[in-house]
Amino acid sequence: MLINNWYVAALSSEVVADKPFGTQMLGCDFVLFRDSVGQAVCLANTCCHRGAALCNGTTEGDHIACPYHGWEFNAAGRCVKIPALGEDAEIPKRVRIDSYPTQEKYGWVWVFLGDLPESERPAIPDLLPEFDDPEHWRLIPYRAEANVNWQRFEENSLDTAHINFVHPTFGTRRSPKVMVVPIQPTEHGGRVERRRPAPKVEQKTGEMAKVLNPDRGFTSVSLEFSLVGVCHRIQPVFQEGMSIITFSVKVPIDAFRTRTFGVQARNFLMDPAQDEERLASIMKAVKEDTDVVEAIRPVFPPASASEEFLTETDGMEFQFRSKVREWASRGWEIDVEKMLAEQSRRIMVIPSPARREDPNNWVHKAVPLRSVQS
Ligand code: FES
Ligand SMILES: [Fe+2]
C-alpha cells in the first residue's frame, strides 16, 4: 500500500456537519466531518488520550469531541479542550492527531494520505470531464467492496484479455485474440486504444440489445489509468453516438480488502428509468471480476516478476506495476508485514503534512515504510 496519494474516503453526501463519518483506508482509521464553512475535514480516528474512536463522538461547531472523555480537536488535529482539566488548562502541542488535506471531485471526498507539502502533491486526475455535462451524459454512481488486494484488483481492471472469459455479456470467446498495441505512457499511468470484435446482440439483454446495431462489427475501447488516485477510465464506443464511460477508483481498506467507488456515464438510453438495468449490469460485472480475483494466489502480486509469466497482452498490467515500483522507490510503500505484526499493540497512522514540519511531537507513531533498496 502506498502513501502520498489521493484516495476517495466517502461520497460528498456522507460527510456532513452534525455527524462524524468513520472509514478505513490503508489499514488505518479515519474520521470525516464538515466544518462551519462546509469544508470537509479528515482526521486520524483514534483519540490520542486513550484510544477511543472519534467517529463515535460528536461534532461541536468546527471541532470534533471524543465520545470517551470529551476532548475536542480542531480541523488541524490540535486538541483545544480537555474538559476534565478545566477551562484554563494549558494543552501541550503533543496532544494532537493527524489532519489530512481534502478535495471534492466527482461527488466524492478525496483525502491526501501522506506528508507531502501542497506544492509537491500531484493533482487528482481529470479523467471524467463528462461529469460536468449532464445534458449529454447520464451518470450513475456505484460502490462495492471485495476481499481482494488493491493491486490485484486494479490489474484486473486494466486487463483486456480476461474480458472474453470472465464477462459473457461483453466479451466473446469466439475471438479471444487481443490486439497488441503499444501502451502510451503518461506522467502517472498509461493509456491504450484497441478494437475488439463486438459481441453478438444475442449476448446482450434488456434495452441495450434493442438499440445495438447487429452489424456493428467492432467495439473501440480506450483505457487510461493513473496511479495517482489509483483510478482508471474505460470507454467502449459500441457504434456512432453510443458509448459508456466507466471511471472508478480503488481504495485499499487494508492490504486484503478493497473498496471501489465508480461512476458510469452513458450517452444513450438517457432516461433515468434505464438506470436500474445499467446498475445491475455494472454490479454483475463487478461480481464476475471479484469471484476470479478473490481466488488469485498469492494474494499480493509476487515479489519477483519471474514468479508469474506475463505476456505481451499484459502491457497495461506491466505499466501499472512499474508505476507502483516508482512510488515505492521514493520510500512511499507501507511495510505491511511489519504493520500487521505491531498493529494490535500500537496505533500507527499515515503521516500527515504537519509531521514534515515537526516529526517528533506526536503521541501516535507513523506507519512503517519499506526502506528503499539502493
Ligand atoms: S480517549 Fe478520547 S478523550 Fe479520552
Ligand atoms: Fe473485468
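This is a predicted model: local features need pLDDT of at least 70, side-chain atom pairs count only at pLDDT 80 or more; totals for chains, interfaces and linings use all residues.
Trainee: What makes two residues count as touching here?

Mentor: Their C-beta atoms, placed from the backbone, lie within 7 Å.

Trainee: Which residues touch the most other members of the largest nonpolar core?

Mentor: Ala9, Leu32 and Leu43 do, in a core of 73 residues. Strand E11 (residues 108-113) gives the largest share of this core, 6 residues.

Trainee: Why is this core said to lie between domain 1 and domain 2?

Mentor: Domain 1 (5-120) and domain 2 (129-325) both give residues to the core, so the core lies between them.

Trainee: Where does Pro272 lie?

Mentor: Pro272 is in the loop between strand E18 (258-266) and helix H4 (275-293).

Trainee: How do you know that the span of helix H5 is close to the expected one?

Mentor: Helix H5 (residues 315-329) has 15 residues and reaches 21 Å from its first C-alpha to its last. At 1.5 Å a residue, 21 Å is expected, and the helix is close to that value.

Trainee: Which residues of H5 are buried, and what do they pack against?

Mentor: Gly315, Met316, Glu317, Gln319, Phe320 and Lys323 are buried. The buried residues of H5 pack against helix H1 (150-158) and strands E13 (184-185), E14 (189-197) and E15 (218-226). Just after H5, Gly331 takes a positive phi of about 85 degrees.

Trainee: How do you know that the radius of gyration of the protein agrees with a compact globule?

Mentor: For 374 residues the globule rule gives a value near 21 Å; the protein has 23 Å, which agrees. The C-alpha trace spans about 80 × 50 × 35 Å along its principal axes.

Trainee: What share of the residues counts as buried?

Mentor: Of the 374 residues, 36% do. The secondary structure comes to 7 helices and 20 strands. Among contacts between residues at least 6 apart in sequence, 58% join residues at least 24 apart.

Terms used. Residues are numbered from 1 along each chain as its sequence is written. Chains are lettered from A and ligands numbered from 1 in the order in which they are written. A nonpolar core is a set of buried Ala, Val, Leu, Ile, Met, Phe, Trp, Tyr and Cys residues joined through C-beta atoms within 7 Å. A residue is buried if 20 or more other C-beta atoms lie within 10 Å of its own, exposed if 12 or fewer, and partly exposed in between; C-beta atoms are placed from the backbone. Helices (H or I, at least four residues) and strands (E, at least two) are DSSP runs, numbered from the N terminus. Domain bounds come from an automatic or database domain assignment. The expected span of a helix is 1.5 Å times one less than its number of residues. The radius of gyration is taken over C-alpha atoms; the globule rule is 2.2 Å times the number of residues to the power 0.38.
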